[in-house]
Amino acid sequence: MNTLRTGVFSTDLGVVHYQVSKVSSTDAPWLVFLPGLTADSTLFKYQLEAFLGRANLLVWDAPAHGKSRPFPLSFSLADLATWLQQIFLSEGVTEPVLIGQSMGGYLSQVFMQKFPGVARAFVSIDSVPILRSFYSDKDLWLLKHSSSFLSPMPWSMLQAATVRGSATTPLGRENMSLIVKQYAAREYVQLAAFGYRIIAEAIEQASSEGLSVPALLICGTKDRAGEIRKLNQRWSLMSELPIVWVKGAGHNSNVDDPDTVNQAITKFLTSLKGFSFFKETVIGKE
């Protein structure tokens, strides 16, 4: 039966919740969905629906996010990568395609540097490279001190700004609104500021080497989160990576326009050697 079941993984700091589904075919690839900062597994609702039963799937609520709360904010992206690998070993995940949105894309890159040869491919959705050369000292300083900008904002204003800044469509904004409402004001600000800080630290510590697996970049044409669009264009040109621009979509382009994103993922995967099982995948929302 093609359904997602809940899994839990215990760390020294807290419990991580995830969902997983396996199909009977040995040819089926593993698709691992990694949501962005403050988001949870519902961010990938339409990808899970599209690929359920046609691929092995795993999606998590990252520590301190969604159902993986409470969780102390005392970890790094490298810690997240280690816990993710331990979940892979527990669930028998092999050669995963890492599909990371925003911070999930950063985590994917840290994972591939920490565990080379494990991932089969990478799909970046509204994310950017962790290569130090892409960022100025000012960029990193701002990431490390974001709490000074977030804390003074009234909670209602911050919620509204987060929703508007994440999505352009009613579908995308409803999804992000429901996600943000899970948090109390203080919890949200602390998590967001902490996340930006560990991203900056990961950039400072990252290898200068580029990606070693096939990769696809996906970015909304109306993504206004920082310089996401500019950095994606530069990333694509410098690393010769294919890029799909999702017309009219914001930072959560996979929710703003799931059909286009699902089509892009499917086309990319069918181009990979050994993914013949995936060629008959039906795409789009259900």
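Reader: What makes α3 stand out in the lining of the largest cavity?

Author: Helix α3 gives the most to that lining, with three residues. Helices here are DSSP runs (H or I, at least four residues; strands are E, at least two), numbered from the N terminus. The model is predicted: local features need pLDDT of at least 70 and side-chain atom pairs pLDDT 80 or more, while totals for chains, interfaces and linings use all residues. Residues are numbered from 1 along each chain as its sequence is written, and side-chain values use heavy atoms, with hydrogens and water left out.

Reader: Why is this space called a cavity, and which residues line the largest cavity?

Author: On a 1 Å grid over the protein atoms alone, a cavity is a set of points where a 1.4 Å probe fits but cannot get out, whereas a pocket is an open set with protein on both sides within 12 Å along at least five of seven lines. Lining residues have an atom within 4 Å of a point, so Met-103, Gly-104 and Leu-107 count, along with others including Trp-60 and His-65. The largest cavity holds about 70 Å³ of space, and the whole structure has one cavity of 30 Å³ or more.

Reader: How do you know which residues of α3 and α8 are in contact?

Author: Contact means heavy atoms within 4.5 Å. Met-103, Tyr-106 and Val-110 in α3 meet Gly-195, Ile-198, Ile-199, Ala-202 and Ile-203 in α8. They divide into seven nonpolar, one polar and no charged.

Reader: Why is the pair of Phe-33 and Phe-44 called tilted?

Author: Rings of Phe, Tyr and Trp (its six-membered ring) pair if their centres lie within 6.5 Å; planes under 30 degrees apart are stacked, over 60 edge-to-face and the rest tilted. The structure has 10 aromatic pairs. In this one, Phe-33 and Phe-44 lie 5.0 Å centre to centre with 45° between the planes, so the pair is tilted. Phe-33 is in strand β3, and Phe-44 is in the loop between β3 and α1, 11 residues apart.

Reader: What is the volume of the largest pocket, and which helix gives the largest share of its lining?

Author: The volume is about 1,200 Å³. The largest share of the lining, five residues, comes from α6.

Note on methods:
Nonpolar A, V, L, I, M, F, W, Y, C, P; charged D, E, K, R; others polar. Points joined across faces, edges and corners; volume = space filled by probe spheres on them.
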